[in-house]
Amino acid sequence: MSRPRPEPVQVIKQRRDAALAALVESVPYIGFLGITFERRGDELTSTMHFHNNLIGNPMLPAIHGGATAAFLEVTSVITLQWFHLWPQFESGELDVETMAAGKMPRLPKTIDFTVDYLRSGLPRDSYARATVNRSGRRYASVHVAAWQDHKDKLFAQATGHFLMPQERRSGD
């Protein structure tokens, strides 16, 4: 008895990249802020590309705290959703073409989000990576850290709690 031939690695990578692109494009605010995501396996790193509209204090200059908080929250939500949907992508249960056509699963909703501003965000690209501490059927906890020049020198970090989207039952 022979096993089915495994998919080529390139096909798997293209499917994962298409799923991530569909997920990110489903939130227009991500594009407005100039945030992109890079995938390495199941880990995501987000980049908020610097542009002058992000400056809050032109005297320093420093990135606006609201832009920093939005960057951290977007990174948390997308990472949490990616973590939540990963098994469905891999099993083929969730179709990437359907997602790209706009039929996206609902995103987690923020319950609370606490940001620690550790230093001023300088006028340059910023990077962030989130870690899902707990993810259950109803609730999830995420920690996210942001840096600019060196990953060990954070300029902001945050912890968020999220309400996970409930699966819709037939007849709802």
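**Exercise 1. Start at Thr 47 and work out how the strands around it are arranged.**

Step 1. Thr 47 has Tyr 127 in β6 as its bridge partner. Before going on, note that this is a predicted model, in which local features need pLDDT of at least 70, side-chain atom pairs count only at pLDDT 80 or more, and totals for chains, interfaces and linings use all residues. Residues are numbered from 1 along each chain as its sequence is written, and side-chain values use heavy atoms, with hydrogens and water left out.

Step 2. Three bridges link β2 and β6 in the antiparallel sense. Strands here are DSSP runs of E with at least two residues, helices are runs of H or I with at least four, and both are numbered from the N terminus. Two strands count as paired if DSSP finds at least two bridges between them.

Step 3. On to the next pair: β6 and β7 run antiparallel and are joined by eight bridges. Arg 129 stands opposite Ala 145 in β7, and a hairpin of three residues connects β6 to β7.

Step 4. Now the whole sheet: six strands in the order β1-β2-β6-β7-β8-β5 make an open, antiparallel sheet. β1 (35-40) and β5 (109-117) each have a single partner strand, so one side of each lacks a neighbour in the sheet. From one strand to the next, the twist averages 25 degrees.

**Exercise 2. Find which helices lie across the sheet, and a salt bridge that links a helix to a strand.**

Step 1. Helix α1 (residues 9-25) lies across β1 and β2, at about 155 degrees to β1. Contact means heavy atoms within 4.5 Å; axes are lines fitted to C-alpha atoms, for helices over the stretch in contact, and angles run from 0 to 180 degrees between N-to-C directions.

Step 2. α3 lies across β1, β2, β5, β6, β7 (139-147) and β8 (154-163), and runs at about 50 degrees to β6.

Step 3. The structure holds four salt bridges, each a side-chain nitrogen of Lys or Arg within 4 Å of a carboxyl oxygen of Asp or Glu. One of them joins Arg 39 and Asp 17, at 2.9 Å from N to O. Arg 39 is in strand β1 and Asp 17 in helix α1, so the pair ties together parts 22 residues apart in sequence.

**Exercise 3. Locate the cis peptide bond.**

Step 1. The bond joins Leu 60 and Pro 61, with omega about -20 degrees.

Step 2. Pro 61 sits in the loop between β3 (55-57) and β4 (62-63).
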